[in-house]
Amino acid sequence: MFPDSSLTIPNGMRIDGNAEFGKGQYQAKVNSHLREGRLLATVSADENTKGYRCHLQSKDFPLTEFLPQSGLGNLTAQMQATGRGFDLLSRHTLLDGDASVKSFTFGEMTFDSLHIGAKLAKGLGILDFASFGDLLEGQGQLRARTGQDIAMELDATLPHINLHRLAQTKDTLYAGTQVSMQGHVVPDLSSYGVKGRLYGNLF
């Protein structure tokens, strides 16, 4: 995906934090400063119950300093998640998380006002997303249910897509559409399929 994905540890980064471990329980807090950016992360986990909780908050944190050739830029966002278990195909795994991206740059593009919510319980995963930025405006939902195979459904309404900036088209061009797709895949990828339609297209 990236031209050069080699990881670089930047000069001038300051990290403060603390960690506690004991009886299968882990807690850590990290506060990192780099250039004018800041990243704060707190994580707790219980080895006995497989439960975890994490929170991340960043302001103008320069991701490009870690992946110089990736095109990644500054990130201002807030993310949090709680859950139990890490096997996404298990009906016993639980997840409840959300992310709010105020500003994120990738190459010449800046994504803003992006919100994502994710839930997983009893083998049903739901991912809601909404964007109110200049590049993309719209909202949608992706649903996935596990079993012998994974069944997926995607429904989205995207009234404003800035193709000039997203697809680097020569002329200024905007589009809008609605998406409805269904698919399935088995865990070993030996069988998969997808069908769907785009409708209500506007240019």
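## A phenylalanine to start with

Phe-111 is partly exposed, with a relative accessible area of 27%. Here, buried means under 20% relative accessible area, exposed means over 50%, and partly exposed is in between (1.4 Å probe, protein chains only).

A quick word on what you're looking at: this is a predicted model, where local features need pLDDT of at least 70, side-chain atom pairs count only at pLDDT 80 or more, and totals for chains, interfaces and linings use all residues. Residues are numbered from 1 along each chain as its sequence is written, and side-chain values use heavy atoms, with hydrogens and water left out.

## The sheet

Let's zoom out. Strands here are DSSP runs (E, at least two residues), numbered from the N terminus, and two of them pair if DSSP finds at least two bridges between them. In this model, 12 strands make an open sheet, ordered E1-E2-E3-E4-E5-E6-E7-E8-E9-E10-E11-E12, with antiparallel pairing. Strands E1 (14-22) and E12 (192-202) are at the edges with a single partner strand each, so one side of each has no neighbour in the sheet. On average, neighbouring strands are turned by 5° against each other, direction ignored; the axes behind that angle are lines fitted to C-alpha atoms, and angles run from 0 to 180 degrees between N-to-C directions.

At the E1 end, nine bridges link E1 to antiparallel strand E2 (residues 25-34). Asn-18 sits opposite Lys-29 in E2.

Further along, strand E7 (residues 109-121) runs antiparallel to strand E8 (residues 124-132), with eight bridges joining them. Gly-117 faces Asp-128 in E8. What lies between E7 and E8? Their hairpin has two residues between the strands, and Lys-122 in the turn has a positive phi of about 55°. Next, E8 is joined by nine bridges to strand E9 (residues 136-145), again antiparallel. Ala-130 stands opposite Gln-139 in E9, and this hairpin has three residues between its strands.

## Rings and a charge

How many aromatic pairs does the structure hold? There are four. Rings of Phe, Tyr and Trp (its six-membered ring) pair if their centres lie within 6.5 Å; planes under 30 degrees apart count as stacked, over 60 as edge-to-face, and the rest as tilted. One of the pairs is Phe-21 with Tyr-26, edge-to-face at 5.6 Å centre to centre and 65° between the planes. Phe-104 and Phe-111 make a stacked pair, with 6.4 Å between centres and 25° between planes.

Phe-21 counts as exposed because its relative accessibility is 61%, while Tyr-26 is partly exposed at 34%.

Finally, Arg-197 lies over the face of Tyr-199, at 4.1 Å from the ring centre. A charge sits over a ring if NZ of Lys or CZ of Arg is within 6 Å of the ring centre and within 35 degrees of the ring normal.

Technical notes
Helix = DSSP H or I, 4+ residues; strand = E, 2+ residues; numbered from the N terminus.
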